[in-house]
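This report describes selected local features of one protein model. Please consult the sequence and the structure shown below while reading.

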Amino acid sequence: MTDEGTTLTVACRQVLGEGRGLNEDQLIDVLRLGDEHTAALLALAHEVRMRWCGPEVEVEGIVSLKTGGCPEDCHFCSQSGQFSSPVRAAWLNIPELVEAAKQTAATGASEFCIVAAVRGPDERLLGQVEAGIEAIRAEVDINIACSLGMLTQEQVDQIAAMGVHRYNHNLEAAKSYFAQVVTTHSFEERWQTCEMVREAGMELCCGGLVGMGESLEQRAELAVQLAELQPHEVPLNFLNPRPGTPFADLPVMGSGDALRTVAAFRLALPRTILRYAGGREITLGELGTREGLLGGVNAVIVGNYLTTLGRDPEDDLQLLDELQMPIKALSKVL
Ligand code: SF4
């Protein structure tokens, strides 16, 4: 048997059989597999997802409460105020927020995530989020998630007290690559927010981006660092090089590489919700969503991403129907 065959056999026994995620070295082996193994790898990742997570797919909507003008310098992000990207600072008002939540709920989604492009929230933003959540609650039956940047312990407590069900804060990149991606805050600061969120009892949604010039080893490192945080959900983004950002000229990740990465993340995180986030259209094209959903992914965002157009929600919902993957229902807290 070849070494590559051994990699898949070991992954099958350990992850599928025992539910134990692969370690960093094992993930590097997976990410180095040749294209001829991609189909078998995706099939294994799909089996792992079906066994340890089940057939349901979580559908989420996302809305930007405050867009652009962020003081941070994450090199992939067109919402940074430090680059000459065309995204302008803008705020959404509460009726618009409620309307977005209604439209999201109408797709069958169980999660609605309110996002703001900030380093961390100030009192004004937290006040608006609180008012927004109250207004949504009065009219729409949906779980509310937030993504408002880095938090202090006091802010974590405030957000938990608002009844926020899940908080998103990505690691963005592996620790060893982080300084090449962000210089205005540290990996450790991000990590701290993630830990506080989890300890406060909110579900932690924590992922990152790939295709930013990191090595395969660093991709594997990101996956194990995410696994260490034990997030409820991992959004996996592929770099969509945006004009005006420092990463504008990076090549789009190849589809083989992207699919191997999806499968590797599933093999690192057998029980976690793995969500396709931004960049899947440009990296994987139309077929990518189907291949990902049959290769370890079990959550999708419907509608527009924050600064780029996503697919039509109907396309994704039709695809789930065709694949006979039920949409995860809203779980009621009694
Ligand atoms: S990723 Fe978030 S923190 Fe970084 S520049 Fe963009 S909006 Fe700001």
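Where does E172 lie, in terms of β5 and α7?

## Residues with positive phi

The model discussed here is predicted. E172 is located in the loop that runs between β5 (166–168) and α7 (187–199). Most residues other than glycine have a negative phi. E172 is not a glycine, yet its phi is positive, at about 75 degrees. The relative accessibility of E172 is 8%, and this residue therefore counts as buried, the limit for that class being under 20%.

Q324 also is not a glycine and has a positive phi, in this case of about 55 degrees. Its place in the chain is the segment after α11 (313–322). Because its relative accessibility is 69%, Q324 counts as exposed; that class requires a value over 50%.

## Packing of helices α2 and α8

Two packed helices are described by the angle between their axes and the distance between the axes. For helix α2 (residues 24–31) and helix α8 (residues 216–229), the angle is about 130 degrees and the axes are 9 Å apart. The crossing of α2 and α8 is right-handed.

On the α2 side, the contact is formed by E24, L27, I28 and L31, while α8 contributes L216, E217, R219, A220, E221, A223 and V224. Sorted by class, the residues of this contact between α2 and α8 comprise seven nonpolar and four charged, with no polar residue.

H46 belongs to helix α3, which spans residues 38–52. Is H46 buried or exposed? Its relative accessibility is 17%, so H46 counts as buried, again by the limit of under 20%.

When residues up to four places away in sequence are left aside, H46 touches L293, L294, G295, G296 and M325.

## The shell around the ligand

Which residues are found around the ligand? The shell consists of C70, E72, C74, F76, C77, S80, A117 and V118. By class, six residues of this shell are nonpolar, one is polar and one is charged.

Technical notes. Residues are numbered from 1 along each chain as its sequence is written. This is a predicted model: local features need pLDDT of at least 70, side-chain atom pairs count only at pLDDT 80 or more; totals for chains, interfaces and linings use all residues. Side-chain values use heavy atoms; hydrogens and water are left out. Axes are lines fitted to C-alpha atoms, for helices over the stretch in contact, and angles run from 0 to 180 degrees between N-to-C directions. Helices (H or I, at least four residues) and strands (E, at least two) are DSSP runs, numbered from the N terminus. A crossing is left-handed if the near helix is turned anticlockwise from the far one by less than a right angle, and right-handed if clockwise. Contact means heavy atoms within 4.5 Å. Ala, Val, Leu, Ile, Met, Phe, Trp, Tyr, Cys and Pro count as nonpolar, Asp, Glu, Lys and Arg as charged, and the others, Gly among them, as polar. Buried means under 20% relative accessible area, exposed over 50%, partly exposed in between (1.4 Å probe, protein chains only). A residue is near a molecule or strand if one of its heavy atoms lies within 4 Å of it.
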